[in-house]
Amino acid sequence: MNILVKQFFIEKIAHSSYLIGGKKTCAIVDPARDVERYIESAKKEGLKITHILETHLHADFVSGHIDLAGITGADIYAPSAGKCEFDHIPVSDNSVFSLEDIEFHVSETPGHTPESVIYSVIDKSRGDEPVAVFTGDTLFVGDVGRPDLFPGMAEELADKLFSSIHLKVEKLPDECLVFPAHGAGSLCGKSMGAMKISTIGYEKKYNGALLIKEKDEFIASLTTDMPPAPDHFGRCSQINREGPGKISNLPSPLELTPDEFYKKMNDGNTIVVSIRDYATFGGQHIPGSYHIDINGNFSTFAGWVLPPDKDILLVSDNPVQVDEAVLLLRRVGLDRTYGYLSGGTHAWVSQGYKTEHVHQLSPYEVYEKIKDRNVLLLDVRGKDEYDAFHVKGSLNIMAMDLRTRYTEIDPKRPVIAMCRTGHRSSLACSILKQKGFREVYNAAGGITGYIAAGFLKTG
């Protein structure tokens with residue numbers, strides 16, 4: 001191709017965005033909310049950002065289209081069916097626009113969302129055939145976008161996705177490069193491959209969803225046994241439709257003394273979130289706080305469990321963690337980080353305030369403790385993980401579901417929470433303690449450590 005394509009990949013949410021450029025100008029496709037990466041990259045390449053392309057109203061993150069347009073003056077192109085409330089150029093079937101020798105052709109591909117589109121790219125300096133396609137969440141490497149994010153519409157959208165794939169996407173040339181908006185690890189699909197780009201021909205040959213030629217079978221495959229969708233998936237789509245607030249207009253979190261922190265956390269409109277390592281959180285933490293380890297899948301878990309209508313106070317090990325957490329929270333539309341505790345829990349206890357604890361158990365301690373039948377081993381991984389292998393006699397309730405399903409557990413029983421490594425289980429422990437459970441333990445190292453110690457054979 002006589003054009004430049006650069007991919008930007010964000011770990012954990014597994015989001016891919018792109019710069020596609022000619023000699024002087026470029027477009028950004030499906031930008032993340034922290035847009036500095038695109039501005040710096042375009043500057044490095046000597047390009048001016050003139051176009052911003054959205055394939056759909058993203059559910060798993062807040063997009064950067066408003067911030068990027070405000071900084072660069074670029075036009076936003078978004079699906080007409082999305083009924084977006086910000087200034088944009090609406091696109092639909094057969095819309096065509098150009099950037100130097102790059103010609104973009106739009107096809108409506110409803111299925112993952114009602115308004116999804118793809119942008120196929122023709123390099124007019126080379127020919128008239130599409131050489132690349134930005135598929136958003138319609139087509140992934142090894143998978144297609146899940147159609148079950150809209151209540152009551154799963155079968156209808158799966159039906160439309162079947163038509164979108166077989167009547168539009170598969171009609172592109174086999175050699176056409178595929179640039180999807182997500183990769184392995186994203187919850188926007190069921191079984192994405194590890195490669196970050198592909199070709200139409202490769203996907204037609206190896207993509208399991210595309211190999212299903214019977215519509216009813218295709219619909220069934222995408223409407224049964226799907227992974228759970230986080231809470232923020234429903235919120236982010238609407239935020240992206242309205243146009244998110246500009247990051248430049250959001251206040252920076254305040255550095256609060258323990259006394260100021262205590263007063264704010266008790267105003268009835270505030271939650272406390274510890275972002276420290278799970279072992280450190282277990283040592284001591286502020287009563288009633290959530291624990292979401294900054295080293296885990298922070299954005300996804302925060303978007304999943306934190307109430308969006310509350311101010312957020314952070315407890316960290318250092319201010320650098322605070323800056324990172326604020327960025328990750330904003331990615332999932334949590335913009336109300338009010339402040340953080342100056343000096344951390346050391347300053348907190350030095351002022352005489354109470355703390356609580358979660359004992360961290362090694363695999364050996366877990367093994368010994370669950371010999372007591374009164375002790376409940378609570379596996380807080382997803383159902384598919386649990387079904388693959390688990391400790392006999394354990395109860396499976398996903399960590400995030402404990403917000404409502406905690407009533408299924410006797411609060412008088414000692415509970416050991418276990419996940420894959422110890423991050424989700426620590427979140428689970430913090431939720432259980434909020435619900436009044438007193439004897440709660442975290443399985444440090446999770447089932448990974450339990451297997452490594454030889455206590456579980458997985459075949």
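Modeller: Helix 9 and helix 10 cross in a right-handed manner; a crossing is right-handed if the near helix is turned clockwise from the far one by less than a right angle, and left-handed if anticlockwise. This is a predicted model, in which local features need pLDDT of at least 70 and side-chain atom pairs count only at pLDDT 80 or more, while totals for chains, interfaces and linings use all residues. Residues are numbered from 1 along each chain as its sequence is written, and side-chain values use heavy atoms, with hydrogens and water left out.

Helix 9 covers residues 298-305 and helix 10 covers residues 319-331. Helices (H or I, at least four residues) and strands (E, at least two) are DSSP runs numbered from the N terminus. The axes of helix 9 and helix 10 are 8 Å apart and the packing angle is about 60°. Axes are lines fitted to C-alpha atoms, for helices over the stretch in contact, and angles run from 0 to 180 degrees between N-to-C directions. Helix 9 and helix 10 are therefore oblique to each other, since angles under 35 degrees count as roughly parallel, over 145 as roughly antiparallel, 65 to 115 as roughly perpendicular and the rest as oblique.

A second pair can be described in these terms. Helix 3 and helix 5 have axes 9 Å apart and an angle of about 125°, which makes helix 3 oblique to helix 5. The crossing of helix 3 and helix 5 is right-handed.

Asp159 forms a salt bridge with Lys215, with 3.6 Å between the closest N and O atoms. Asp159 lies in helix 3 (residues 154-167) and Lys215 in helix 5 (residues 215-223), so the pair ties together parts that are 56 residues apart in sequence. A salt bridge is a side-chain nitrogen of Lys or Arg within 4 Å of a carboxyl oxygen of Asp or Glu. Asp159 is partly exposed at 28% relative accessible area, and Lys215 is partly exposed at 32%. Buried means under 20% relative accessible area, exposed over 50% and partly exposed in between (1.4 Å probe, protein chains only).

The structure holds 23 salt bridges. One of them joins Asp267 and Lys264, at 2.8 Å from N to O. Here Lys264 is buried at 12% relative accessibility, whereas Asp267 is partly exposed at 39%. Lys264 and Asp267 belong to a salt-bridge network with Asp311 and Arg336. Another salt bridge links Lys371 and Glu368, with an N to O distance of 3.2 Å. Lys371 is exposed at 51% and Glu368 is partly exposed at 47%.

The surface also has a nonpolar patch, formed by Met195, Tyr202 and Tyr206, with about 320 Å² of accessible area together. Such patches are made of residues with over 30% relative accessible area and no salt bridge; nonpolar side chains (Val, Leu, Ile, Met, Phe, Trp, Tyr) are joined within 5 Å, like charges within 9 Å. Accessible areas come from the Shrake-Rupley method with a 1.4 Å probe, and for residues only the protein chains shown count as cover. Tyr202 lies in helix 4 (residues 200-206) and is partly exposed at 38%.

Asn396, in strand 22 (residues 395-396), is buried at 18% relative accessible area.
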